[in-house]
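Have the viewer handy and click along.

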Amino acid sequence: MRAPAPPQSAPVRLCNDGSNAVTTQNQMNSNPYRVLSLDGGGAKGFYTVGVLKELEALTGKRVHETFDLVYGTSTGAIIASLLAMGRTVDEVHQLYRENVPAVMKARGKRGKSAALERLATDIYDDTTFEQLKTGIGIVSAKHLDEIPIVFKDDARRAQSRVGTFVPGFGVLLKDAVVASCSAYPFFTVKQVKTSGSELIDLLDGGYCANNPTLFAIVDALKMAPSDAIRVVNIGVGHYPEPSRYGFEWAAGRFFLSRLLQKTLNLNANSMEQLRGYLLPQVKTVRISNTYSEPHMATDMFEHDLKKLSVLHQKGRASFAAHEATLKQYLIGDPG
């Protein structure tokens, strides 16, 4: 669902509470600007899809018809992009069931990246950012410069270089998504070529914003006043660490896997804290439950379909605690 641009002449100033005040015409617009923000987390995206299953049922619409902007990092970028293409949540779930275990079971970083590239080609083909049905942001990270890069579809949400803006920097959707999922050293670095013929080496967006909500809100503030924005942020859940042994341990992969998982979790939680400190006036609900039972032990490389189905079930169940708020944000009283 694409929102109209606010009047270009609308002045913006900061209120005492840090919110942005715009013209009376915008303040009179009672339509909320709805944002969906999806965390990274590899195979644990099954949890995200479970939450979205219930959300889609609540609204009775496809997700792209409900949200003005969808943002995603890593596995969240896959889900967000598919939803922005118009896919149903059930279609996304089926794609995950058929493909995620195979990608995660592939041997070595080159094997995993090759499997991911094949999947991206099959799913997206040559889809461009201009073809998407709602606003989007896909988060990745520049390998050499060590700064974030966000692939967007609309110049109105560009934070700089508006005059030379090209949707997705001229990169195909599949390449932007693969870049966002390139969790080095378990996947290879992804190189993309922009419309300006620049070659850029990219890493998993989780290294800079595993929870992309702050980036999404900054974009949303280009389109609507803070009191009109409604944000739904879905994580992947928190679980005990699984035990690993054998060759994987000998190769040091167990330590690297734990370190990467810890880094991504700390990043997501830090971004959520910062959002609360900096933008408390933007109404936001975050869904990402914690499970401490030993049988729930898992990580981003999980490839046991039975375990992944449990994550999906947990995601659906965790929706219930937030149902009333989501109903207000998405279909009910905008206040």
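**Briefing: helices, pairs and confidence**

Just after H4, glycine 86 takes a positive phi of about 105°. Helices here are DSSP runs of H or I with at least four residues, strands are runs of E with at least two, and both get numbered from the N terminus. This is a predicted model, so local features need pLDDT of at least 70 and side-chain atom pairs count only at pLDDT 80 or more, while totals for chains, interfaces and linings use all residues. Residues are numbered from 1 along each chain as its sequence is written, and side-chain values use heavy atoms, with hydrogens and water left out.

**Overall picture**

- The chain has 13 helices and 10 strands.
- Of its 335 residues, 56% are buried; buried means under 20% relative accessible area, exposed means over 50%, and partly exposed sits in between (1.4 Å probe, protein chains only).
- Take the contacts with a separation of 6 or more: 76% of them come from residues 24 or more positions apart, where a contact means heavy atoms within 4.5 Å.

**Helix H4**

- Helix H4 (residues 75-84) is largely enclosed by the rest of the structure, because 10 of its 10 residues are buried.
- Among those buried residues are Thr75, Ile78, Ile79, Leu82 and Leu83.

**Salt bridges**

- You'll find 12 salt bridges in the structure, each one a side-chain nitrogen of Lys or Arg within 4 Å of a carboxyl oxygen of Asp or Glu.
- In general, side chains of opposite charge can pair when their charged atoms come close.
- Aspartate 39 and arginine 286 make a salt bridge at 2.9 Å, N to O. That pair ties together distant parts of the chain, 247 residues apart: aspartate 39 is in the loop between strand E3 (33-38) and helix H2 (45-59), and arginine 286 is in strand E10 (residues 283-287).
- Both partners are tucked away: aspartate 39 is buried at a relative accessible area of 2%, and arginine 286 is buried at 17%.
- Aspartate 219 bridges to lysine 152, with the closest N and O atoms 2.8 Å apart. This one also links distant parts of the chain, with aspartate 219 in helix H9 (residues 213-220) and lysine 152 in strand E6 (residues 148-152), 67 residues apart.
- Aspartate 219 is buried, with a relative accessible area of 1%, and lysine 152 counts as buried at 9%.
- Lys152 and Asp219 also belong to a salt-bridge network that takes in Asp153 and Arg157.
- Arginine 275 and glutamate 272 meet in a salt bridge at 3.0 Å, N to O. They sit 3 residues apart in helix H11 (residues 253-278), so about one helical turn separates them.
- An α-helix has 3.6 residues a turn, so residues three or four places apart point the same way.
- Arginine 275 is buried, with a relative accessible area of 11%.

**Aromatic pairs**

- There are 6 aromatic pairs; rings of Phe, Tyr and Trp (its six-membered ring) pair if their centres lie within 6.5 Å, and planes under 30 degrees apart count as stacked, over 60 as edge-to-face and the rest as tilted.
- Phenylalanine 46 and tyrosine 96 pair edge-to-face, at 5.6 Å centre to centre and 70° between the planes. Phenylalanine 46 is in helix H2 and tyrosine 96 is in helix H5 (residues 89-105), so the pair links distant parts of the chain, 50 residues apart.
- Phenylalanine 46 is buried at 0% relative accessibility, and tyrosine 96 is buried at 3%.
- Phenylalanine 129 and phenylalanine 151 are stacked, at 6.3 Å centre to centre with 20° between the planes, and both are buried.
- Tyr47, Tyr239 and Tyr291 form one aromatic cluster.

**Confidence**

- The mean pLDDT of the chain is 89, and 87% of its residues reach 70 or more; pLDDT is the predictor's confidence in each residue, from 0 to 100.
- Residues 6-29 have pLDDT below 50, and beyond near neighbours in sequence this stretch has 29 contacts in the model.
- Residues 245-251 also have pLDDT below 50, with 5 contacts beyond near neighbours in sequence.
- Where pLDDT is low, the predicted coordinates should not be read in detail.
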